[in-house]
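Subject: Structure for your files, with notes

Hello,

Here is the structure you will be working from. My notes on it follow below.

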Amino acid sequence: MRALFRRTLSVASFIMAALSVPAMAGEVRELRGPRLDCIYDIRSGDALPEGIHLGRLPGQLLIERCDTLWLMLKLPGGAFRAVALPPRMVPKFRAKNRPFAIPDARVTYGKRNIRSAWLTRPNRRYAHAALGDDIQAGGLAVKNRNGRRIEAILPQDQVFEDRMARLADLDGDETTDEIVVVQTHVNKGAALAIYALKGRGREERLELLAKTPFIGRANRWLNPAVAADLDGDGRREIAWVETPHLKGILRVARLERFGAAWRLREIASLPGFSNHEYGSRIMQQAVALDWNADGRPDIVLPSIRRDELAVVSLTHSGEMRVIDRMPIDGRITSQILTGDLDADGRGEVYLVVDHQRLLMFTPPPVTLPGKRARTP
């Protein structure tokens, strides 16, 4: 077993096989190797502790094989290698030992005022099974910087229709994180909700800071996508897909303060996208990556038919437009993640189709300051 963990796959083991695609700006390639024949899932090299993509580009990718063997894929010196990892070295985010945690919940971790967060109070008061079962959360819990557990509990006509409480600095103060979660009314469907810690000491509490309107009818859901500075103004926006199994409307909003109150002000929307397959527990199928090298991250996510990977850009004027499309030949069976495995500063997008093929999507060639133009 120790010899197995020391074994590496050299560049000769990998064949970078370009797929047959139409003439597009970006390129799709398949990474092939003797240990990449059956892939259960992939994980970000930095483990994505906050639960939502914030635009980072780790230099490695973690691969979980169908036989539970873990590999770390990286590109040292321009050569692909897959290194076997002991399971103990793979971060675990299960919340089963957290007080009142729902089954299959994920714990998220922050570095500011919230150490960790998870969903609590499992119940069956809302039968929608978008995430694979009818167990929903009735509460949201965090540990603050002092290690004290603080919980918010919803009224009986609402649930958190989610698996995780995502952490991101949305108000731009650089000292506190806000919590992004899907909050659902049993008769009105889902809304995007932002919670925050308020007060000090023993008076510190979780409060609902802002919320979008409920979609308007039961069994209508949304899935958070990314939190990034999409328009280049220096503050993060939050993006989500409303009804990813139906119309698939990609929406972008900014958390803004109006007097003593906060609100989510929507600044753009565009239909035709899906960052979730109905019934799946995989929720992270959208990333933020500067695709066209204009200095602002774009949103990369599947089309509503899930047969293409689309790149959506938000202009300074608030217009949202698709700037690239690349084919996905098969069913997406993994998270969609970014990395900079070749250390060129641009980054790539990774996903798995049919549990068999690891695909890499690369941006179009550009010339970066001090670097040669990237070529496929």
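I start with Phe93, which is buried at a relative accessible area of 14%; buried means under 20% relative accessible area, exposed over 50% and partly exposed in between, with a 1.4 Å probe and protein chains only. Please note that this is a predicted model, in which local features need pLDDT of at least 70 and side-chain atom pairs count only at pLDDT 80 or more, while totals for chains, interfaces and linings use all residues. Residues are numbered from 1 along each chain as its sequence is written, and side-chain values use heavy atoms, with hydrogens and water left out.

Aromatic pairs and charges over rings

The whole structure holds 2 aromatic pairs. Rings of Phe, Tyr and Trp (its six-membered ring) pair if their centres lie within 6.5 Å; planes under 30 degrees apart count as stacked, over 60 as edge-to-face and the rest as tilted. Phe93 and Tyr109 make a tilted pair, at 5.9 Å centre to centre with 50° between the planes. This pair links distant parts of the chain, 16 residues apart: Phe93 is in the loop between strand E7 (81-85) and strand E8 (108-109), and Tyr109 is in strand E8. Helices (H or I, at least four residues) and strands (E, at least two) are DSSP runs, numbered from the N terminus. Tyr109 counts as partly exposed because its relative accessibility is 30%.

The other pair is Phe160 with Tyr195, which is edge-to-face because the planes stand at 75°, with the ring centres 5.8 Å apart. It too links distant parts of the chain, 35 residues apart, with Phe160 in strand E12 (residues 158-160) and Tyr195 in strand E15 (residues 189-198). Both Phe160 and Tyr195 are buried.

Two charged side chains lie over rings. A charge counts as sitting over a ring if NZ of Lys or CZ of Arg is within 6 Å of the ring centre and within 35 degrees of the ring normal. Arg106 lies over the face of Phe93, 4.3 Å from the ring centre. The charged end of Lys211 is 3.9 Å from the centre of the Phe214 ring and sits over it.

Strand pairing

Strands E21, E22, E23 and E24 form, in that order, an open sheet of 4 strands with antiparallel pairing. Two strands pair if DSSP finds at least two bridges between them. Strand E21 (287-289) and E24 are the edge strands, each pairing on one side only. Ignoring direction, neighbouring strands of this sheet are turned by 30° against each other on average; the axes are lines fitted to C-alpha atoms, for helices over the stretch in contact, and angles run from 0 to 180 degrees between N-to-C directions.

Within the sheet, strand E22 (residues 298-302) and E23 are joined by 4 bridges, and Ile299 has Val312 in E23 as its bridge partner. Strand E23 (residues 308-314) and strand E24 (residues 320-327) pair over 7 bridges, where the partner of Val312 in E24 is Val322. The hairpin of E23 and E24 has 5 residues between the strands, and Gly318 there takes a positive phi near 90°.

Elsewhere, strand E3 (residues 27-32) has 5 of its 6 residues buried. E3 pairs with strand E27 (residues 357-362) in the antiparallel sense over 5 bridges, and Glu27 stands opposite Thr362.

Two loop residues

Thr243 is in the loop between strand E18 (237-242) and strand E19 (249-258). It is buried, with a relative accessible area of 10%. Leaving out residues up to four places away in sequence, Thr243 touches Ile215, Arg220, Trp221, Leu222 and Gly248; contact means heavy atoms within 4.5 Å.

Lys188 is in the loop between strand E14 (178-185) and E15, and counts as partly exposed because its relative accessibility is 41%.

The chain as a whole

The protein chain has 1 helix and 27 strands, and 55% of its 376 residues are buried. The average pLDDT (the predictor's confidence in each residue, from 0 to 100) is 89, and 90% of the residues score at least 70. Residues 1-24 stay under 50, and residues 371-376 are also below 50.

Regards
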